[in-house]
Amino acid sequence: MTEMGRHSPFCNIDGIVFDASLSATLRPNHLIFQWLLQVRVKCRWFDGYVCTVTSMPLDDVHRHEDSCPNRPGLRPPVDPLLAPMYRCRHCSSLSSYPYVGRLCGKCGLSSTPPTAMHFPIVLLVKYVMFGTFETTITALEVREDSIRMKRVAKNCPKTRFRSNIIIPFTGIHTLFYCTDPSLPVLFIQVTNELSAKFREHLSLGDQSPNGLKFDVTSNDSREQYIIIMLNDRIKQTLVLILKWITGDHCLPMEAPEGWLLLNRARSKSDSLRNSSQFYRSYYPCVTDL
């Protein structure tokens, strides 16, 4: 009531005019004061992941909100494995929780609800190249933790079995993307450990029967990348998700540079496929004339 009298000469409860005598008779209500001391509130930026404060006294509200790690502007990136991701409709930035009744940490707006990002994201693929080895897959899925290729054909003429290849985002060293409509392609350079597993599983190492190889440590750049050629252009939503998950490891690539790298890998692959070594691997009875 004392604070109320400083801003208006009238009481907003019963309309009585404040005067000096009335202000002098105002005393604290100790019963309500003791009750307020027992009230516990939840942080306005509580999400269960970054901020977990669900019970704090009223005296600590301002102190906590000033230093809350989930406050807009202070919120750190959240592992997408822990929570679903949402895209702000104003600035298209990604977050780990919806901004319903809250502010976007990037643009500061919250008038419209965000758009939820649903996983997995299925992409149509023309072909995939592991170094100089070109193969086909039935589907490509982008998940919260990995990129998954289904039914990948091996570099082995004696078997028709296909396998599923999983590229965890933690095993990606660099990921280049091209948003040019004429070249919807991803260039992925994995770590040495993951490269060794793929070489052994797909028969693309030194024991390759036809000279087709995949090795990130090779001096030949044509053998260093996993090239994924998509059917449709790469949308900005996919770019935002890849950047959110991989961070600084996701980089753009211009179309001329992408075409150069792709054509060099395909030209070496075609030359190896046209060689006699390739035909001997598939037809052991063929000999050089």
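Helix 5 lies across strand 7, strand 13 (185-190) and strand 14, and runs at about 105° to strand 13. Helices (H or I, at least four residues) and strands (E, at least two) are DSSP runs, numbered from the N terminus. Axes are lines fitted to C-alpha atoms, for helices over the stretch in contact, and angles run from 0 to 180 degrees between N-to-C directions. This is a predicted model, in which local features need pLDDT of at least 70 and side-chain atom pairs count only at pLDDT 80 or more, while totals for chains, interfaces and linings use all residues. Residues are numbered from 1 along each chain as its sequence is written, and side-chain values use heavy atoms, with hydrogens and water left out.

- Six strands make an open sheet in the order 8-7-14-13-12-15, and the pairing is mixed; two strands pair if DSSP finds at least two bridges between them.
- Strand 8 and strand 15 (250-252) are at the edges with a single partner strand each, so one side of each has no neighbour in the sheet.
- On average, neighbouring strands of this sheet are turned by 20° against each other, direction ignored.
- Strand 7 (residues 125-130) and strand 8 run antiparallel and are joined by three bridges.
- Opposite valine 128 stands threonine 135 in strand 8.
- Helix 7 packs on this sheet and touches strand 7, strand 8, strand 12 (172-178), strand 13 and strand 14; contact means heavy atoms within 4.5 Å.
- The direction of helix 7 makes about 70° with that of strand 7.

- Another open sheet has four strands in the order 6-9-10-11, with antiparallel pairing.
- Its edges are strand 6 (121-123) and strand 11, each with a single partner strand, so one side of each is left without a neighbour in the sheet.
- From one strand to the next, the twist averages 20°.
- Strand 6 pairs with strand 9 (residues 139-142) in the antiparallel sense over three bridges, and isoleucine 121 has valine 142 in strand 9 as its bridge partner.
- Helix 5 (residues 192-202) packs on this sheet, where it touches strand 10 and strand 11, and its direction makes about 175° with that of strand 11.
- Strand 10 (residues 146-153) pairs with strand 11 in the antiparallel sense over six bridges; serine 146 has proline 168 in strand 11 as its bridge partner.

**Two faces of strand 11**

- In a regular strand the side chains alternate between the two faces of the sheet.
- In strand 11 (residues 162-168), Ser163, Ile165 and Ile167 point to one face and are buried; buried means under 20% relative accessible area, exposed over 50%, and partly exposed in between (1.4 Å probe, protein chains only).

**Glycine 171**

- Glycine 171 is in the loop between strand 11 and strand 12, and is buried at a relative accessible area of 8%.
- Glycine 171 touches Val190, Thr191 and Leu194, with residues up to four places away in sequence not counted.
- Between glycine 171 and valine 190 there are 5.7 Å in space, C-alpha to C-alpha, although they are 19 residues apart in sequence.

**Salt bridges**

- Side chains of opposite charge can pair when their charged atoms come close.
- The structure has nine salt bridges, a salt bridge being a side-chain nitrogen of Lys or Arg within 4 Å of a carboxyl oxygen of Asp or Glu.
- Glutamate 134 and arginine 266 form one of them, with the closest N and O atoms 3.1 Å apart.
- Glutamate 134 is in strand 8 (residues 133-135) and arginine 266 in helix 7 (residues 255-273), so this pair ties together parts that are 132 residues apart in sequence.
- Glutamate 134 is partly exposed at 24% relative accessibility, and arginine 266 is partly exposed at 25%.
- Glutamate 141 and lysine 150 also meet in a salt bridge (3.1 Å, N to O); glutamate 141 is buried, with a relative accessible area of 8%, whereas lysine 150 is partly exposed at 35%.
- Aspartate 215 and arginine 199 meet in a salt bridge (3.0 Å, N to O).
- Aspartate 215 is in the loop between helix 5 and strand 14 (226-230), and arginine 199 is in helix 5, 16 residues apart.
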